[in-house]
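This briefing goes with the sequence and structure shown below. Please keep both in view while reading.

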Amino acid sequence: MAFQTSLLRDGEWVTETVYLQAALKASGASKAVEEPQNKPPACGLLARTVIDSPIVHWVLPVRLRSKRHNDVAFIGSNFVQISEVDDDGQVHEVLRKDDFDLRIRNAVVLGHGLARVIDNDEPDDFIKPERHGGAWDCSAPVEDTRAWRLPPQYLALSLESGDMVFLFIRASSQGRHCPFEFVTKVESSRGQSNIGQQLAVDPSSRYLAASAPDGILVIYELKSMLALNLQYSQHGTFNPVEAAHLRAVHGVIHKLDFLYPRPQDDHHIILLLFIVRQERHHDSPVSRTVTYEWELGDSIRAVFGKDKSGTRVPMEHSLPNLLIPLKFQSALLIISPGYIDLMKDVLSGSPVFERLRIERPSKGPLHTGLGEPLWTASSRAFRLKAYSEQKDIIYLAREDGTILHLDFDSADLGLTVLNLGAIDTNIDTAFGVTLDRFSDVLIVGGDSGPGAVWRLSARTSFERVSVIANWAPVLDATTTSEASSWSSEGANNETRNARQPGYITPRKKPEAIFTASGRGLQGTVTEWRTGIQARVGLDIETEEVIRQAWAFSEDDYDIEGLQVLLAVPQGTVVLRFSPDLSQATALTPGTTPFDLAASTLYATVLMAQLVVQITETSVTLVTPTQSSRFLLQELLEPGHDLAQDAFCKDNIIVMSSISGGLYHLHTLEIDQMKVSRKHSWDVEGEVTCISLFTLDQNQRVVASSMVNGMPRVSVYTLEGSVIQSESFALHRGTDLIAGTRCGHILTIRLQTERPITWSLEEIADAPIKVTPAYSRTDGLGEALACFDGRILMMRGLNSRTAKFGEKHFVWLTDSNDALASSPPIDSVYSLRHSLSRSHGRTSILAIAGSRVLLTEIWPRAGPVPRCIPVAAFVDAETGEVISSAMGKNKKRLEHISGLGRNDDRIHGLYEWLCVKDGKTFAFIIVTTQSGQLLVVSVESIPLMETRPSSRRLAYWTRYKKRFGAPVYSVVGDADGLIFCVKNIIYWDVLDLAEKKLKPIKEFELDSPATSLQVKDGKILALTTGHSLQIIDHRSDKVDGEMMHLHGDSVARSTMHMIEVGDAKDSEFEWPIFLLSDVGKCSVAGVWVSAQGSQRNKELTPVIEGRVPSAVRRFVRAHSRPAWATTDRQRKYGTLLSSVDGAEVLGLTLVGSMQHFTLISIDLWRLLSLLQNLARRNPVLSPFTHVYSRMEDLDLEPRALPGKMLIDGDLLERCLKQRALETLLEVEESYTLFCNCLDGLEGGKYTEKFVDGGDRSRAQAERYIALGYDILEYLSSPVL
């Protein structure tokens, strides 16, 4: 038996669990001799978000840039993403904002055109940059705000603090690299933190209503768009709120909305409140509608001066799901479970509720609830002005994907209903309707699974355009890590290398992370990947192996559509695509001037719309009006009629050939439509690649070769004179990018009168091909690398380190199939212009064997999940299902015995390695909600029964044990199983003779155990209400009973835990138990000494702090890409989280991933200082800095558990905005910053910075640079 009590500990009141039996024993026992105690680890914890939650709560069509920009706002709990819908219904990301630091409660659109009326006679209110000829004009920075005009609409967001945020998009002063930026204005809640649960805007966009559940109503008077434009153009300010009025309402405001007035009364404002209140003490609450109406400009105080009783609504509408104002007759659609009514005559004082005769659609297959599916969202369709004056079109969506088309007539509110059927996507509140050229476009954010974009044209059915990724909810997680625990060194023995000055051995292949995601039919196994998405637009099978490809569009020279040259072993294939890319034709020698008889080595377009094709035997020049061809046997000396490699730049061609066993280089010159040889010379060794570049306005030839087994880079004049020739050595510099056969990226710097220098970076263990990448973000220095079947995008070449600052894998995806895998790629070619005309996108041709894939690379890196259909066993590499369920008679079944019930669910899944009599038996243990514990056997099916290249597994239920309550968790213990049924832990041991589990001991907890582990012969039970409990199940002190050893002093609602720390650290005793507290949305690190004989000792708190989302599962994996671990050392005071240097990651229910890093106290002091300064900075914390300024600034906080968690997202924001100089403007802050740096690892990083007393400007720059280096090191990619 246990009870809880409150104690004041470390200045905070905490709730402790006290076990009565332990307390009585302790009071009666004699005082034992105290044993020497080890001290808990002194450390902090850095937590940062690696992947944001994909869940979208609102999809709002909004003209946030101009009338012509078809923008859509995707709004989640903490982000706003603006995307554009193109003429084909495809959605392209424009801009994202995720620095709110507070949850977004609600969002609405304000401004012109809220009724979704398309009026082509209205003037276009563009904001800069404008679009000219298919391109954004962003070349000139915009500095004069008076030249700007506001877009037609803007957004209003209510935050968790109660503040209201108004925002729109304008042109950015950063030009091409970031053409747009957000402009925000925060309206304070004035202490009403619950405001914003419900939001509504009136049709004229002059009033905004916000409410709180406790009956607080705020009416914001808004300025007209004309006044806002005048204010913004004259003063450069954006402040839409004229005044705010607060009023208390008797009851709970369940819903509120503004009704549409008559068309001729556009100054008439009508607000309807749906209030639930208890009118009599012992009666049930009553629901009423209360209506307030006034004219534009009336006194709001006078309008709301008196309470109104309102109109009681029918019982079936006591808590409606949706209120939908109609554009005609101030009517309102009320939708509740099972009922849809039309509320008319609202202003008469006696409104009429008319039941609409709508046939209830049948339940869809995606519905997972027990009752009828609910109507969850609605959206008004865009229609032309003349049509919109007569009709009001509403799309009504249900949670199972069913959609109705409601057509209301303006004259008598006559209704025409069309059941559009069900889409294969669950629908919640994230539902919006916009349009493209010919269709309505329905955008669904998705509920417990992926969303989608659908097109609906007249008299047609739904057409899915693309899938919107959503891997939430995340229910379970696992990795391919071979390490069994935090103290395991794994198969690679990396710990030995980690002990050599912190060096961590790079891994050629990172370990993968898989989660169980989604729900019901939408459930998948998701592999977590990050990188850049490349959507496949065309996939053509040529039936010939393709070496390389080149493509030319109408932007390159005067042709219609797209022309592709494919180099195949026996020649060249030319494909011509139609302008809409819907048709492809293979050209014959009689229909194309290109050389099809020989394989193409290189092709390009010169400035004068001249296409140059270089094959193994010829050079062909093609313009829109003429062509010419020159054979190499005529251009070169005898014996050099077959080229090995070639390159062309400007009017110069360089090629290599072999004659008499020697390599030769040749330079050719193009003069209009003629080609002539300039010079030829022989080269020592084997020429592996060649290129041309310009240095001091002179063209040079660069060639790499292998000489006596050593790689060499040589630079020549066009006449063949050697300028420089050097063998490899490690230097710094940048000019040319090359890929090596052994998997390195070589960055070569070529400068006048200086030696060749280069930097070498290990990327893979396979040959790398490098090609330039072209996008509309010119100047970033981009390149594509192809190796081992993958594509790598490299961006941001650093002039100091001569390495690319960003490297991201490019994952080919199918916009309509989230389950499609990315094929292995052999080569890639980047088009010079994006075929979609989208800013920042890169169109590429990818070659996969005999397939040609035309894809477009997205500008922003992010999560690119790989979805695998749910099955018992799948191949982690291919995603193929490799298992079959069987009965004990070895006949195939759909489900094994004990599973397959719709009303049941699996709680626990565990691989049990049972050791008996020196033999190890492997089983899969399954526990269920219905109270079953299943022991499942797995065996391989002989290959002769299957395809030789695949493997198959069979699994069946070997043993089944039933209980009368849910079995929540299970863990194995060599010869037995430990599992929790309801709130009782059982320990059963396998009896081989009787072939069943025999009960040994049991222990009653105060709450169920969600997770069980066995460590050092002790049970670690993580409970739903009483945190971590440590139990000795093998104790002999109490016959037949387990003994409680340790418990947490704080009552936590814990979900999962992981052990972290360095097992070989001699200073502290590790590990720390990192716990996920879902009740407080926090993590806690607790510790207890494993030494000594003390019992009933409380766990010592070491770290406590809130995280953005509660962690559902912790995992441990070596997840960093190979290049991120090359030459990586543990430094600056970071600590190992496991003995083999693995990363600790937390997966949340909402689909986000967090990374946790242990840090030393010295590093914690530095990061805590920066964190406290950043929280008060209005640029880094634009929506929370006001609240941080209300608190005392503690620049030197004490190392208390509640302050040991560092917000890595805030520090990463500081790094991206290069804000250290701003944060450290105050002398006191700067001095503390320098002192913290001096204290890192004994001052090893700053010992050469200070030569005396005062710090000079140069020294200050070195301290700041070191600060950025530390932040960059801590923010390096882990996935």
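In which helix is leucine 632 found? Leucine 632 is found in helix H6 (residues 632–635); helices (H or I, at least four residues) and strands (E, at least two) are DSSP runs, numbered from the N terminus. This is a predicted model, in which local features need pLDDT of at least 70, side-chain atom pairs count only at pLDDT 80 or more, and totals for chains, interfaces and linings use all residues. Residues are numbered from 1 along each chain as its sequence is written, and side-chain values use heavy atoms, with hydrogens and water left out.

**Leucine 632**
- Leucine 632 is buried, with a relative accessible area of 0%; buried means under 20%, exposed over 50%, and partly exposed in between (1.4 Å probe, protein chains only).
- Between leucine 632 and threonine 615 there are 9.3 Å in space, C-alpha to C-alpha, and the two are 17 residues apart in sequence.
- Leaving aside neighbours within four places in sequence, leucine 632 is in contact with residues including Thr615, Val619 and Met655; contact means heavy atoms within 4.5 Å.

**Nonpolar cores**
- A nonpolar core is a set of buried Ala, Val, Leu, Ile, Met, Phe, Trp, Tyr and Cys residues joined through side-chain atoms within 4.5 Å.
- The largest one has 65 residues, and Val612, Val619 and Met655 have the most contacts inside it.
- Strand S41 (residues 562–568) gives the most to this core, with six residues.
- Apart from it lies another core, of 62 residues, with Ile1159, Trp1164, Leu1166 and Leu1274 among them.
- In soluble globular proteins, nonpolar side chains tend to be buried together.

**Helix H8**
- Twelve of the 15 residues of H8 are buried, so the helix is largely enclosed by the rest of the structure.
- Among the buried residues of H8 are Trp1164, Leu1166 and Gln1171.

**Glutamate 1059**
- Glutamate 1059 lies in strand S82 (residues 1054–1060) and is buried, with a relative accessible area of 9%.
- Its side chain makes a polar contact with the side chain of lysine 1015 (3.4 Å). A polar contact is a pair of N or O atoms within 3.5 Å; within protein, one must be able to donate a hydrogen and the other to accept it, and residues adjacent in sequence count only if both atoms are side-chain atoms.

**A three-stranded sheet**
- An open sheet of three strands has the order S56-S57-S58, with antiparallel pairing; two strands pair if DSSP finds at least two bridges between them.
- Strands S56 (736–739) and S58 (757–762) stand at the edges with a single partner strand each, so one side of each is left without a neighbour in the sheet.
- Four bridges join S56 to strand S57 (residues 744–749).
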